Every structure is written in structure tokens, then in C-alpha cells.
Amino acid sequence: MAVPVIRKNLYFKPDSSRVVARFFNNGDVRTINLVKRIMNLNEKEVKHELELTLQGFVGRHRNISEIFLKHANNYKNLIESINIDYKKLSLERRLLIGAYSTLEYSIESAALFNPSIVEDFDQSFLSEGEKRVIISFRATGEGHLSSIVFRKGILDASNNLRMVEAHKHIDLPTIKKKKTYDKKRFMKKMEEMHIPKEYSSPFMDPLPEKFEYYILKEAIRKILKLDIDDQRKQALNEMTWLIDSYYDIEFNEDSRISGRAILPISPSESRGIEDARFVRFTDDDGSEKIYATYTAYDGFTILPKLLSTNDFLNFRIMPMHGHGAQNKNFALFPRKIKGKYAMLARIDGVNNYLFYSDRITLWNDPIKIQEPKYPWEFTQIGNCGSPIYTEHGWLVITHGVGAMRRYCIGASLLDLEDPTKEIGRLKEPLLSPLEEEREGYVPNVVYSCGSIIHNNHLILPYAVSDYASSYVTVNMDDLLKALITEV
């Protein structure tokens, strides 16, 4: 018997008017020619062109002049390479160079999907039965480039979601490269990436046990300029790709959460940041932190990554490693199990696996815990976000892929002390695409990246055919009864 599901009449749809001002690199040769053309303008002409540009764009972005100046500074070395003293350029001329080095990018023009929901740390000034929540989305724009965006809202006592209006101005964070690296861990990750020691040793051996980002990066950059064989060049590029996968980002405190966007930054993310699964994690000492697992993709290689934050202003991004850190669908348990971190993943593309680890970024020895069992999940089974604690067991919202690659959402219950033991699994999908939900960027799909429990109801946000998003509620008594019965 199907578990009753209440669909809510609230939709999150992509908004093409939400744009960011991104740095535009047109290549050294074309940029040099562009700068020369700008240098041929007199100061009056420079001011005129700058004023025209500002009139058209100043209302669409916060601090557009600061953005122009930052983008111009990216070309400081290139400009000085053609014997132009960058410091002597007028502020207006630098701003105009920056304007030509900037483009608007609509981050969610194509889709706003694969949502994940967590409780906000701030639960002040709420009525009884209310909860403040943060929902993340995978936003997709031109070129199918995926980013992470956020919305804030309040769930009321009836599980209706009242959203704060999304801010039109979108801010990009300041990027801060991680300053020091652990040599042993870095070398271990290179082994996992099959970078030959004969290529890495000349750089790594002289380094101390803790080394700084720029030391290794600069050494690799110098060698890449030399005439070296393709195999060595590929290995060095992979080392650069790895070191650039560690970084911190910081948003301005005066920005609203709906105005913050995490776009691909490192080379490992150049083709997108996919399917972030957020979870509010409680450590053994009672301290709490927000983590998210996501998939970085560069067009060829998938790299599972971990994001952490205490405030949604400052984020640390790290690659996950270990022999099991491959493929997609990583989802962290919200607390340790018997003193160890625990993680779900679908490392072979078909089945659900469980990991334990002493370190939150190291994942080895996966244990297969679920295989496709019912026709609607015969192609593959995976998680739809982090497990949720209940006194009866770990509630895992799953996704299954069936005939015609139709995605449905199901549920399983795992033992609290030993999650390798499945207590129950729904025989029929909890949520399937309605007729009106079948059309979209990818047809016949419902999918989620994270749920919570509120007022004894499962709050399940879900994507509609990889285009828009909505949410449903499920009575926990009904769901648990069905799961415990269907062993």
C-alpha cells in the first residue's frame, strides 16, 4: 500500500534575470590587442565609454566598479609585459579595461533543481512549531555549467514553507587558496590518481612535511613552460589540478544568503559543481557544523569533494580521497557511528555502499549494503541525501532508476548501530513523476539531495525533471509503519 504524500503548491523555477559579473579571459593575444585599442583613447573618450557602461550595468550588480577593477588587476602582469606601467594608468582607464574583461552570466537560466534542505543555525524569533531552513539548489546556466545557490524560508506548524524573496544582486566570494598542505596526504592522493612517482618526486621530495601552495604551484608552472614530453606534461597538469582543488571562499557579511553563489573555481570543477548534499553534523562533543558533499567535474574526471561552513559566509572546500573516493552520490551521516564518520555512496554507479573513517576526507573499504531489488530501481539505486536519524533507525531517502531511465524516489530504514543491516525498504516508490512533471531538461525525473523532519513529517524537496523544484510532506508514522512492515 502506497504511503500518502502531500504535494505542496510551491515551485522554485529558474530565473534568468539572476546574473553574476564574471571575469572574462579572451586569451593573451586578443587581450593585448584590446588593451592597445583602449590605450589609443584619450582620457575624455575613456571617461565617456566608462560612463556609458556604468549607466547600463550599475543597477544590476553591487559594487560593479570594484568588480571591474579586480578584473583589470588580473591582467596587470600581461599589461606590463607590453611596456605599459600599470600603476600609472588612470583609475578610469583601468576600470574600462576591467569592463571589457567582464561578462554577465545567468547562473540559473536553464534549471534550478536537485535541492537539499537543512535547519538554519538561527532559530530565533519564531512561533511554536516553526523552523527556519536553508535550501540549496543546483543552478544551471549556459553551457550546462552548474553552481550552488541558496534560499531561506520558514516552515510553519502546518509544514507550509514561507520563503524569503530571493535577492536580485548575486555576489561571488573571495577565493583564498589553502596556505599549507600535508605532504604525506598529498602524495597519497597523487598515488590514487596514478601520477607516476618519477614525475612527482623531483618536486615533492625536497618539500617539508607541511608545504605552502605557491611553492609547489610555481615550481610546476616553470617546468610546464619547458619543452617536455606529453606524458610528463599531463602528470604535472594533474598535480596542478589536485593542488587547486583545495581552497577557502568568503562572502561579504552584508550579502544575503540568496545573493550568494558558489561557482566552479578550481580546474577540477571547470564543467560544474553537481548535486550538493548538505547536512547539519553534530560531533561527539556536541559542536555542530554544516557539511556538504558534491561532485566536481572537469569534463573528463569526477572528483568527490567536501564543503564545510559554520555560517554560510565562509566555506572550506577539500577533495575527498581514498580508494573509495570515486564516482558520485556521497552523503555524510549527521553524526559519528561508534566513534567513526560514516558515509553513503554509489561508487560503482549501481549499488549503495557504506564507509567508515577516522578522517572526514579519507574513504576506503566500501561495504555494499543495497542492490537494485524492485523493477523501478533495476538500473541503479542511490541515496537522495544524508541519512536522517529516527529512534527506529536511519531513514535513507533513495532514488531508483527503472525502464526508460525513469527516476523515482523511495525510502529505506537502516539499523542505528549497524547501518549495513537494512530494516526495511519500500516496495513501491514514495514519489514518482506526475504527468505534468515529466517534461523538462531531463524528462521523467524526480530527485532530491536532502530532507529533514519537522513536526513529525518528512519535508522532502525534490527536483522536477531537472528543471524546477518543489516539495512534499510525508507523515512519519505512515512512513515508518510501511518501512518496518516491508522487510
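In which loop does Asn455 lie? Asn455 is found in the loop between β27 (452–454) and β28. Strands here are DSSP runs of E, at least two residues long, and helices are runs of H or I, at least four residues long, both numbered from the N terminus. The model is predicted, so local features need pLDDT of at least 70 and side-chain atom pairs count only at pLDDT 80 or more, while totals for chains, interfaces and linings use all residues. Residues are numbered from 1 along each chain as its sequence is written, and side-chain values use heavy atoms, with hydrogens and water left out.

Most residues other than glycine have a negative phi. Asn455 has a positive phi, near 50 degrees. Asn455 counts as partly exposed because its relative accessibility is 35%. Buried means under 20% relative accessible area, exposed means over 50%, and partly exposed lies in between (1.4 Å probe, protein chains only). His144 also has a positive phi, near 60 degrees. His144 sits in the loop between β5 (131–140) and β6 (146–155). At 30% relative accessibility, His144 counts as partly exposed.

Helix α10 spans residues 476–485. Its buried residues are Met476, Leu479, Leu480, Ala482 and Leu483. Seen down the axis of α10, these residues fall within an arc of 160 degrees, so they line one face of the helix. The arc is taken from the directions between the helix axis and the C-beta atoms. An α-helix has 3.6 residues a turn, so residues three or four places apart point the same way. The face turned away from the buried side carries the exposed residues Asp477, Lys481 and Thr485. Asn475 caps the N-terminal end of α10. A side-chain oxygen of Asn475 lies 2.8 Å from the backbone nitrogen of Asp477.

The largest nonpolar core has 28 residues. Such a core is a set of buried Ala, Val, Leu, Ile, Met, Phe, Trp, Tyr and Cys residues joined through side-chain atoms within 4.5 Å. Leu395, Leu458 and Leu479 touch the most other members. At least two residues of this core come from each of β23 (393–401), β24 (407–414), β26, β28 (457–464), β29 (468–475) and α10. Helix α10 gives the largest share, 5 residues. In soluble globular proteins, nonpolar side chains tend to be buried together.

Arg425 belongs to strand β25. Arg425 counts as buried because its relative accessibility is 5%. Its side chain makes polar contacts with the side chains of Glu377 (2.6 Å) and Glu422 (3.0 Å). A polar contact is a pair of N or O atoms within 3.5 Å; within protein, one must be able to donate a hydrogen and the other to accept it, and residues adjacent in sequence count only if both atoms are side-chain atoms. The side chain of Arg425 also reaches the backbone oxygen of Glu371 at 3.0 Å. Arg425 and Gly410 are 15 residues apart in sequence, and their C-alpha atoms are 7.9 Å apart in space.

Tyr441 lies in the loop between β25 (422–425) and β26 (446–447). At 45% relative accessibility, Tyr441 counts as partly exposed.
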